[in-house]
Amino acid sequence: MYKSKEDRDIVISKGGGDGDGDGDVASSSGKPKILHPPIESHWHLPPQDKHRPSSSMSNLGLKTMIKFRDTFKKLGGSSSSISSNKSLKTVLGGVRDPKDEKVVECFRELLFLEDQLPPQHNDYHTLLRFLRMRDFDFTKAKDAFLSYLKWREDYMVDAIPKEFKFEEYEAVKKCYPHGYHGVDRYGRPLYIERIGMVDLNKLLQVTTLERFTKYHVSEQEKTLNWRYPACSLAAKRHVASTTSILDVHGVGLANFSKPARYLFMEIQKIDSNYYPETLNRLFIVNAGSGFKMLWKAVKAFLDARTLAKIQVLGYNYQSNLLDVVEQSNLPTFLGGGCTCSDYGGCLLSDKGPWNNPDITEMLQAISADNNGVNNYEENGHLDSDEELLRNIKIKALEAEFREANKKIQALEAALEEAKIVLKELGQQVEELRSTPFEG
């Protein structure tokens, strides 16, 4: 079992807000919890070297290179950026931490040798999420990953984007205001819910809890496979998590009915178990006394790692949000300057880089050339089972060679000892022969 904490952890200290401390996580001894840094922390782009061309685009094909050049210009880049370290590969794949990369490779080989790594899920970032989820404990991470694979098969997740049609989308939005709206200052998708305005009775008239849960899974898949890559290209650095805002104005114990509890538990289970490490931060705003009573019950269902990313704020929250989100990306109901009047409201717009036609064209070109952006590897090509098996065989043969060499050395040592013993016996025989017998 591999477990290394060096350079991986940060301390989550008490945050700002109204001073109630409900958003902070502390142990029973009063010490702050330990949490891994944001998942993008090791993936900042290296300094640009304008004098040394990069070959990182060599495997993308001429068609993708041309598309990237043209669309990157439209997004504010320059033609020289194609040959810089801010390449498509670096932006989408991220600059990996060497320690993480070594652990992921060991974890990948473990799963592969046990025939538990389907090719479509042999993805560096997915494996890293499950390792981080279980503090780099191989046994626990493997159990979590296998549970994830079984859930995807049982729930038929891969078929949802093609077969699941959520026709009640607009009707659901009216009684459950929620949606993605722009990005935070880093470039992560910004997700907002207005829990205080949810009409659960109307929601259950236009959809079912099971269909809403499936819709939530479809949105999670879209975020992983489309929103994050789009945000990465727009921000020109790797994006792999979401910043969320929960407006709980008017929410209290009465809102936590049986259907509400079911929906909360289902979504929480799915997000925690099957989409780990996708939450950057969660701001709960407009928390009155009623919600704070409810929060004491709700947070019992959340693990410590999730709790450490949550900050509960009262009604004076605007400065906290503006530290993380530009005012132009905040709706007016959160103290920002956006109304999305052309779309019927901010939470209906799905505003973000993923709807930018230039970025959409770029992602489609990448997907066509590489069978998806999520499997694009640091070394410029897709991982294959054949290559992984070849590397494992090489390592196994090297281990066998070392073991055989040790045995040979041991045999040579034993042979030398036998020669010495035989020489001594020969000397004794000669002495006996040369000594006269006296009878």
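Which residues are exposed on the other side of helix α11? Before getting there, keep in mind that this is a predicted model, where local features need pLDDT of at least 70, side-chain atom pairs count only at pLDDT 80 or more, and totals for chains, interfaces and linings use all residues. Residues are numbered from 1 along each chain as its sequence is written, and side-chain values use heavy atoms, with hydrogens and water left out.

Now to α11, which covers residues 289-298 and buries Phe291, Leu294, Trp295 and Val298. Looking down the axis of α11, those buried residues fall within an arc of 110°, so they line one face of the helix. (The arc is taken from the directions from the helix axis to the C-beta atoms.) On the other side, Ser289, Met293 and Lys296 are exposed. Here buried means under 20% relative accessible area, exposed over 50%, and partly exposed in between, with a 1.4 Å probe and protein chains only. Helices are DSSP runs of H or I, at least four residues, numbered from the N terminus.

Next, have a look at α3, residues 98-113. Its end C-alpha atoms are 23 Å apart, which agrees with the 22 Å that its 16 residues should span at 1.5 Å a residue; the expected span is 1.5 Å times one less than the number of residues. Asp97 caps the N-terminal end of α3, with a side-chain oxygen 3.1 Å from the backbone nitrogen of Lys99. Among the buried residues of α3 are Asp100, Arg108 and Phe112. After α3 comes Asp115, whose phi is positive, near 55°.

Finally, there's Leu425, in helix α16 (residues 385-434). At 44% relative accessibility, Leu425 counts as partly exposed.

Terms used. Helices (H or I, at least four residues) and strands (E, at least two) are DSSP runs, numbered from the N terminus. A polar contact is a pair of N or O atoms within 3.5 Å; within protein, one must be able to donate a hydrogen and the other to accept it, and residues adjacent in sequence count only if both atoms are side-chain atoms.
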